[in-house]
Amino acid sequence: MNEQPKTAPVMGTENYVGRVMRSKGVDIKQIIYFVEIADREGYSAAAKSLSVSQPTLSVAIQKLEKEFGLNLFYYNAKKMNLTSEGKLFYSYARDFLAAYNRMVEGSWSISREIIGNVSIVAAPVLSKVYLGELLSIYHEKYPGVTIHVEGKCGTSGLELLESQDADFAMKMMPIDESKYDIIPMVNQNLKLGVHKSHRLASRKAVSFRELSNETFLTVSDDYSLYRQFMKNCENAGFTPNIALSSTDCDFLASLVSRNWGVFLMGQSIWDSVDNKNIRLLDVTDADVTWDLVLVSKKGRVMSNASVAFAELAREYFSGKLADGRPL
C-alpha cells in the first residue's frame, strides 16, 4: 500500500462500537492487536510486546480489513503508518477497548462484592475427592465468602436442606427432582474391591450371583448405596453376610486391603485410597450405577454466594470452566 486511500465516512462512536460488538468475524484480540501494531508502528515490536508471532498479527489485521472493508495501514520508511481511515478506526478502537476494560473491571468488582456463607453437606471421602479443587477455585474467585463443609452422611444431608441449615448436599441418585434441584457431578459404575489373594483377584469381572458366599463390608444403612446393595442381593436371591458397616469409606477400603471382606464402591473413591493390595472387578447382573449429584432445595431463596457456587459447580462438573482447568 503506497498511497493513502480516501477518508472513510465518519460515523458516531456509539454506532461504530455497536457494529464491532455485533460483528461475528471480529473478536477482542483483533482489536487489541490492531491498536498495539499502530502504537508500535510495526509487526515486529508489537509481536514482541504481545508475545505472539508476526504471522498471527498479520492474519488478524487482514481479517479486520476484510470485515470492515478498510485499508488500515500503509508502509512508509519501513514503518507501518495508519491510513486516514485507519486513524479513524484507531480512535474508535481505543474507545472500544476502554469500554471493554471498564466492563471487565466492573464485573470483577461485582464478583468481589459477593460475600456471605455457603454450606455444603458431604461424606468426608466425597469432600476429599470432589470438593477440594472446586472450592479452591470458588475461594479464589469469591474471597469474601465463608465456606462450611459438614461431614455428615446418609439421609442427614437432605434433612439439613429441609431445615435450611445447609445450602447444598452431595447425594447419590435417585433424588426426588420435584423437591430438589440437582447439579450432575459424576456417573460411574461401582467396582468390587477384593484382596489381591482373594479367589476372584485374577478375574476382570464377576456376576453378582457369584458373591452369595462372600463376606461383605458395607456403608451404613441410611446410605442410598446400602439400599442399592441390598436390592442387588435380593434380586440375586441371597442374604448377604455383612462383617462390618461404617460411614467411613476410607476405613472400609483399608479393611479390604487387610482381607476382611469385599466392598463395592465407585472407581474414583478406590483411586483416592491406598489400593496396592486390592484388585478391582467389574460386576455384572446387578445395578452398579453410581450417579452423584449436588442437591439444593427447590424453591428456596438462595443468597448471591450460593447462586455463584451453583453456577461454578455446574461449569466445573460439566468440564466447561472458562479458564480451562481440568476436572
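# Helices, strands and loops in a predicted model

User: In this predicted model, which residues of helix 2 meet Thr56, Leu57, Ala60, Ile61, Lys63 and Leu64 in helix 4?

Analyst: The model is a predicted one, and in it helix 2 and helix 4 make a contact to which both helices contribute several residues. By class, the residues of this contact divide into 8 nonpolar, 2 polar and 1 charged. On the side of helix 4 stand Thr56, Leu57, Ala60, Ile61, Lys63 and Leu64, and the residues of helix 2 that meet them are Gln30, Ile31, Tyr33, Phe34 and Ile37.

User: Which residues of helix 4 make the contact with helix 3?

Analyst: Helix 3 and helix 4 pack with their axes 9 Å apart and at an angle of about 110 degrees, and they are therefore roughly perpendicular to each other. Helix 3 brings Tyr43, Ser44, Ala46, Ala47 and Leu50 to the contact, while the residues from helix 4 are Gln54, Leu57, Ser58 and Ile61.

User: How many nonpolar residues does the contact of helix 3 with helix 4 have?

Analyst: The contact between helix 3 and helix 4 includes residues such as Leu50 of helix 3 and Leu57 of helix 4. Sorted by class, this contact has no charged residues and 3 polar ones, and the number of nonpolar residues is 6.

User: Is Ser51 buried or exposed?

Analyst: Ser51 is placed in the loop between helix 3 and helix 4, and it has a positive phi of about 60 degrees although it is not a glycine. Its relative accessibility is 69%, and since the cut-off for this class is over 50%, Ser51 counts as exposed.

User: What is the relative accessible area of Asn259?

Analyst: Asn259 is another residue that has a positive phi although it is not a glycine, here about 65 degrees. Its place is in the loop between helix 9 and strand 10, which cover residues 249-257 and 263-266. Asn259 is described as partly exposed, because its relative accessible area is 41%.

User: Where does Pro174 lie, given that the peptide bond from Met173 to Pro174 is cis?

Analyst: The peptide bond that leads from Met173 to Pro174 is cis, and its omega is near 10 degrees. As for its place in the chain, Pro174 lies in the loop between strand 5 and strand 6.

User: Which residues does Ala253 touch, not counting residues up to four places away in sequence?

Analyst: Ala253 is placed in helix 9, and at 5% relative accessibility it counts as buried. The C-alpha atoms of Ala253 and Val194 are 9.4 Å apart in space, although the two residues are 59 residues apart in sequence. When residues up to four places away in sequence are left out, Ala253 touches Phe263, Trp270, Val273 and Ile278.

User: Which residue in strand 9 stands opposite Leu217?

Analyst: Strand 8, residues 215-219, is largely enclosed by the rest of the structure, because 4 of its 5 residues are buried. Strand 8 and strand 9, residues 241-246, run parallel and are joined by 5 bridges. Across this pairing, the residue that stands opposite Leu217 is Leu244.

User: What share of the 327 residues of the protein chain counts as buried?

Analyst: The secondary structure of the protein chain comes to 11 helices and 12 strands. Its accessible surface comes to about 17,500 Å², and 49% of this belongs to carbon and sulfur atoms. Of the 327 residues, the share that counts as buried is 44%.

Conventions. Residues numbered from 1 in each chain as written. Predicted model: local features only at pLDDT ≥ 70, side-chain atom pairs only at ≥ 80, totals over all residues. Heavy atoms only, no water. Contact = heavy atoms within 4.5 Å. Helix = DSSP H or I, 4+ residues; strand = E, 2+ residues; numbered from the N terminus. Nonpolar A, V, L, I, M, F, W, Y, C, P; charged D, E, K, R; others polar. Buried < 20%, exposed > 50% of the residue type's maximum accessible area, 1.4 Å probe, protein only. Areas by Shrake-Rupley, 256 points an atom, 1.4 Å probe, with all protein chains shown as cover. Pairing = 2+ DSSP bridges. Axes fitted to C-alpha atoms, helices over the stretch in contact; angles between N-to-C directions. Parallel < 35°, antiparallel > 145°, perpendicular 65-115°, else oblique.
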